[in-house]
Each structure stands twice: as structure tokens, then as C-alpha cells.
Amino acid sequence: QLQLVESGGGLVQPGGSLRLSCAASGVTLDSYAIGWFRQAPGKEREGISCISRSGGSTFYIDSVKGRFTISRDNAKNTVYLQMNGLKPEDTAVYYCAARSAATCGVWASWYNYWGQGTQVTVSS
């Protein structure tokens, strides 16, 4: 069974950068499209980015476009989310999720497997 583990979160000042990792175990990740989601306190979980199974297609919501970059290294069984220009409104628990399909999307209902999340706090 596929298991996902996020890492790389932490406390960073506004304008700073973090790289989140989503490492898979149990099966190879190259059979799955991957999405990144986040949930801030008191808010609903929000899909922010995704990458297709092949890595050839990516998507970003407007609020992170140009600042975040999703990528995957199937040889390492890992998907990354490089986050630059972080803002206080990016503070949230970040989750990665996998769906057994070629295409990706930012709807939580599309995904079957979820990690436990990693906290990102942007504050001075």
C-alpha cells in the first residue's frame, strides 16, 4: 500500500524559501499523479498545485503561481514543492496526496492517499 510522508516544513521569515518533500513508500510513485494541498487554521483544505504522472503537466492556483514550483523525481520516489517568496498567508499545514491516474487536479476528492502533513509557518 502506498504511504506518503511529507517533510521540509518549518518556520521562515516573509520572503524566505522552503522545499517540501513528499516521499513515497510501499509502491513506486511513477504510477500516481500528485497534488499538494494546504489547510490553514479555521479554513478548508485548499488544493494549490499538482503534477501529472509523467511530470509533463503541472498546475498552480493563482495565489502561488510564480512563487511555487512542483517537481518529481521518480527515481527517488519523491515529489517536491519549492516555495519561494513566502508570505504570512502561506502559513498552513501542507499535505501531499496521490491518485492512481495520469492526470492531476486540485480537488481533494480526486485523491486516494494522503500524507500526515507538515507545518509551514511564515512569520517575522
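Tutor: We can start with the disulfides and then turn to strand pairing. This is a predicted model, in which local features need pLDDT of at least 70 and side-chain atom pairs count only at pLDDT 80 or more, while totals for chains, interfaces and linings use all residues. Residues are numbered from 1 along each chain as its sequence is written, and side-chain values use heavy atoms, with hydrogens and water left out.

Student: Okay, how many disulfides does a search of the whole structure find?

Tutor: The search finds two, where a disulfide is a pair of cysteine sulfur atoms within 2.5 Å. Cys-22 and Cys-96 form a disulfide with their sulfur atoms 2.1 Å apart, and Cys-50 and Cys-104 form a disulfide with their sulfur atoms also 2.1 Å apart.

Student: What's the pairing if you number the bonded cysteines in sequence order?

Tutor: Numbered that way, the pairing reads 1-3, 2-4.

Student: Which parts does the pair of Cys-22 and Cys-96 tie together?

Tutor: Cys-22 sits in strand β3 (residues 18–25) and Cys-96 in strand β9 (residues 92–99), so their link joins parts that are 74 residues apart in sequence; strands here are DSSP runs of E with at least two residues, numbered from the N terminus.

Student: And Cys-50 with Cys-104, what handedness?

Tutor: That disulfide is right-handed, because the torsion about its S-S bond is about 55 degrees. Cys-50 belongs to strand β5 (residues 46–51), whereas Cys-104 lies in the loop between β9 and β10 (113–114), so this pair ties together parts that are 54 residues apart in sequence. The link of Cys-22 and Cys-96 is right-handed as well, with 70 degrees about the S-S bond.

Student: Is Cys-104 buried or exposed?

Tutor: Cys-104 counts as buried at 16% relative accessibility, since buried means under 20% relative accessible area, exposed over 50%, and partly exposed in between, with a 1.4 Å probe and protein chains only.

Student: Switching to the strands, what sense does β1 pair with β3 in?

Tutor: Strand β1 (residues 3–7) and β3 pair in the antiparallel sense over five bridges, where two strands count as paired if DSSP finds at least two bridges between them. Within this pairing, Gln-3 has Ser-25 of β3 as its bridge partner.

Student: Over how many bridges do β3 and β8 pair?

Tutor: β3 and strand β8 (residues 78–83) pair over six bridges, in the antiparallel sense, and Ala-23 has Thr-78 of β8 as its bridge partner.

Terms used: Helices (H or I, at least four residues) and strands (E, at least two) are DSSP runs, numbered from the N terminus.
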